[in-house]
Structures are given as C-alpha cells and as structure tokens.
Amino acid sequence: MQNNSELKPRNHYLNKLISFQDAEPVKIITGIRRCGKSSLMQMMIQHLRQNGVSAEQIFALDFEDYENQRLSTDDLYNLVKAKATSISDKRLYLFCDEIQHLQGWENVINGFRVSLNCDIYLTGSNSYLLSTDYSTYLSGRYVEIKMLPLSFREFLLFHGFTKQDSHKDPLGYRHVFSYHNQSYNQNEVFSLYLRFGGMPVLSKLGFDQSQALIQLEGIYSTIVMRDVLESARHREQRPITDYTLLRKIVLFLADNIGSNISVTKIGTVLEKECLMGAAKPHKIPSAHTVQHYVSALLESFLFSEVKRFDIKGKEYLRTLSKFYIVDIGLRNYLLGFRERDRSHTLENVVYFELLYRGYDVAIGKVNNQEIDFIATNFEEKIYIQVTESMLGEEVRQRELVPLKKIRDHYPKLVLSLDQGFTEHYEGIQVKNLISWLLHDGM
C-alpha cells in the first residue's frame, strides 16, 4: 500500500466510504488494477486514525503480498479472531486488499460480519466479487464502491495543475491552468488527458511518453495475467488458453470503442482482417469462445459494455452493444499514440464521466437513429449527444434530429469541443464538453 505522505485525495470515493463507516454492510471497492483502490483504503485508515480510532483497532492485509498468498481461510479467521480478542470490546476495522486471491474468502468474511464486532473493507479487481454466489453469502449486506481511473478534474489535481483566473478571448471564456509556472489553456490540458489517460501512477512521470508506455505496458500485462487469464481458473471455468486470440479481441474492442458490435461477428472480422495469425489461418473462433473471452475482459474492468435501449418501445435490445475502454491511456498504449477516431474517444470520456457521477448509462435508439447516451439516476434522466464540433449545418442536423424525435420532456444536451458556442435549439442545450467535465452539474 502507498505511503500516507504520498496520498493524493480522491474525496469523491473517500466520502462514500466514510458515509458507510460503522454501518453493517461490508464495503467492497472494485475497479481495474492500479486505479487507486489500495490508496483509497489507506485514505480511509488515515481518516479513522484522525478521528480517534487507535492503531490497534486496525488490521490490514494485502493478499498480493507473497506471504499472505499462503494464508488459508482458517489462517485468516484465526488471525482476525485473535486480533479482535486482543482489543476486548473495541471495534475492529478490517481491511483486505485484493481479497479474490484467497480461495473461499466469501465464507470467512461473512463469518466475521456475523460474529465479530468489526467494520469490513475489501478491494477486488474482478467483478465476480459480486457474483450471484457471493450475493447469496451476504444476503445483500454489502455496498459496492466502483472506482475508476482519474476523472479530468482529478487528473488536473494529480498532475499539479492549478486554476488561474479565466480570461475572455474572442471565442468566449476559457479556463487557464498553471503547470510548473507555465500557462495552459483548457484545450491543451485536455489534449494531455486524451493522450496519457487517468492512471494515477502516471502523475509521477511529468508527461514523459516513453516512461508512460512502460507503466501502461506493466498495467496491461498485470490485468491480463492476473485478472483475465487467472479468473477463469479461480472460478473453475473453461480456461482461457489462447493468449493470441485474447490480444486480438482486446485490440479489436479498443479500436472500435463506441461502435455497434455484435460479439458473434468479432471472429469473422478478425479473420477478414488477417489478424488471426499464421498458426490458424482459416479457423474462425466460435461465438461461444469469443463471448467467453469478452466476458473475462469485462470482469477485469478493462472494458465496459453498454446496452441499447429502444426509447419508443421502452425496452433493452439484445443486439449490437457498444464497448468503451476504462482508460484512454491504455487504448493509446495498445493502438499507438496518434490522433484516431476523435469522436468516439470523446464519447469514451463522457461515458466514464457519467459513471463517475453516479448515472446508469444506456445507448438510445429512436426509430433508426441513435442517441449517444441516456443517463439516469434516482433523480433525473438526460439524453446526451457527443460531437467534436457543432459548427457545420450538416453536423448540427445529425446531432439534433434524433433528440428532436424524443417526445418526453427530459433534458436534452449536446456536448462539443466548440469554444464559446453555447446555444439552445428548441429546448436542446449545447455546452462545451471540457467545461462540462470541469463542473459537477449537467
């Protein structure tokens, strides 16, 4: 775990943990590797210590530590029981990092919850932590904190950008930031975000591309080796044995973010593009195999699948999902640092920002046209289109027409990179995408 002196605040997530402190539910922090889960645990421990919890009440174990990997569930039970007994009637705060490495952990954690006076915090890098089997053990008595790589605002904080006074230029107001005593406008800073992504570890490198590639390669390799290839073995599923096929599917999904994809067609597309390799020049993987590999990638949080929703029919569609990659920096590592498919890259950023803000997200379908996102939470629903520019009449019609076909009265928003271009079209609001990312509200 990271040294407390090096911790940079992730208050968006920390406040969620604090809100459930000393409550019954087990707190489970999930997310892709290296997105900051261990650091968040350290922040929570730091919060406890600053608010009167003694060091003896805190028991933390990292199951990626080689010594702890040899622990059995009985070993863990005995260690925690002894610790709880040693502090008498005081509450124990138990932190287990990457708990999925302990086979059978579900039983022992549930046992702690039932029989000990303890507050439990877990992290995991696979979504099967919250599978149906695990839900049965806890009977719904858990809360999931879904952690992502850095949002754009967090990126600015981690990299040391400080906001200067905004100044007005001919195109409108523009945010200006200082970095190492040099000024950067919001477009320049946003371009750095699109280039390097939001993995927290990169904030120590000062935008050194070669060093960033080394770090991203290590992150990707760890995700594949520990969370994709091992996940099937831990769950006693059919193993993932074809690393080459896995890599091809990763590259295909990364290259096609924001596009309508049928998993059953991926194998055929790979074959047509001669991506399968000389060893199997004519063999197309079955749809079942591709689905198995894609599911493993989704479980590792490397990609997120978004379903399409028929707005008029009010039902989810079974065909043609879209996939987005959890971090643009990882995509650039996989495909190369170059301008590509900027429109879908912007969609990718907006999608994960919506998740960060707590929305459930679907792709909208109205007649034969699409709405990029339908974002809903307990309080609101909003329809969102994302485009690089709204300055051309053809583009404006393309983005606005689908929104105009929606007959309900929920808000409709278009996000673009146009500076100072804020308009309303028959109730449809147009905002600058970067400014939207820098503010909390819609």
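**Close-up views of sheets and helix pairs**

Helix α8 (residues 186-196) lies across β9 and β10 and runs at about 85° to β10. Here helices (H or I, at least four residues) and strands (E, at least two) are DSSP runs, numbered from the N terminus. This is a predicted model, in which local features need pLDDT of at least 70 and side-chain atom pairs count only at pLDDT 80 or more, while totals for chains, interfaces and linings use all residues. Residues are numbered from 1 along each chain as its sequence is written, and side-chain values use heavy atoms, with hydrogens and water left out.

**View 1. An open sheet of three strands has antiparallel pairing.** The strand order is β6-β9-β10. Two strands count as paired if DSSP finds at least two bridges between them. The edge strands, β6 (162-163) and β10 (182-185), each pair on one side only. Strand β9 (residues 176-179) is joined to β10 over four bridges in the antiparallel sense; V176 has N185 of β10 as its bridge partner.

**View 2. Five strands form an open sheet with parallel pairing.** Their order is β2-β3-β4-β1-β5. At the edges are β2 (58-62) and β5 (142-146), each of which pairs on one side only. Strand β3 (residues 92-97) pairs with strand β4 (residues 118-124) in the parallel sense over five bridges, and the bridge partner of Y93 in β4 is D119. Helix α1 packs on the sheet, touching β1 (26-30), β4 and β5, and its direction makes about 175° with that of β5. Contact means heavy atoms within 4.5 Å. Axes are lines fitted to C-alpha atoms, for helices over the stretch in contact, and angles run from 0 to 180 degrees between N-to-C directions.

**View 3. Helix α1 (residues 11-19) and helix α2 (residues 37-50) cross at roughly 55°.** Their axes come within 10 Å, and this angle makes α1 oblique to α2. Angles under 35 degrees count as roughly parallel, over 145 as roughly antiparallel, 65 to 115 as roughly perpendicular and the rest as oblique. Y13, L14, L17 and I18 of α1 make the contact with L40, M43, M44 and H47 of α2.

**View 4. Helix α11 (residues 263-272) packs with helix α12 (residues 287-299) at an angle of about 105°.** The axes are 8 Å apart, and α11 and α12 are therefore roughly perpendicular to each other. On the α11 side, V263, T264, I266 and G267 meet A287, V290, Q291 and V294 of α12.
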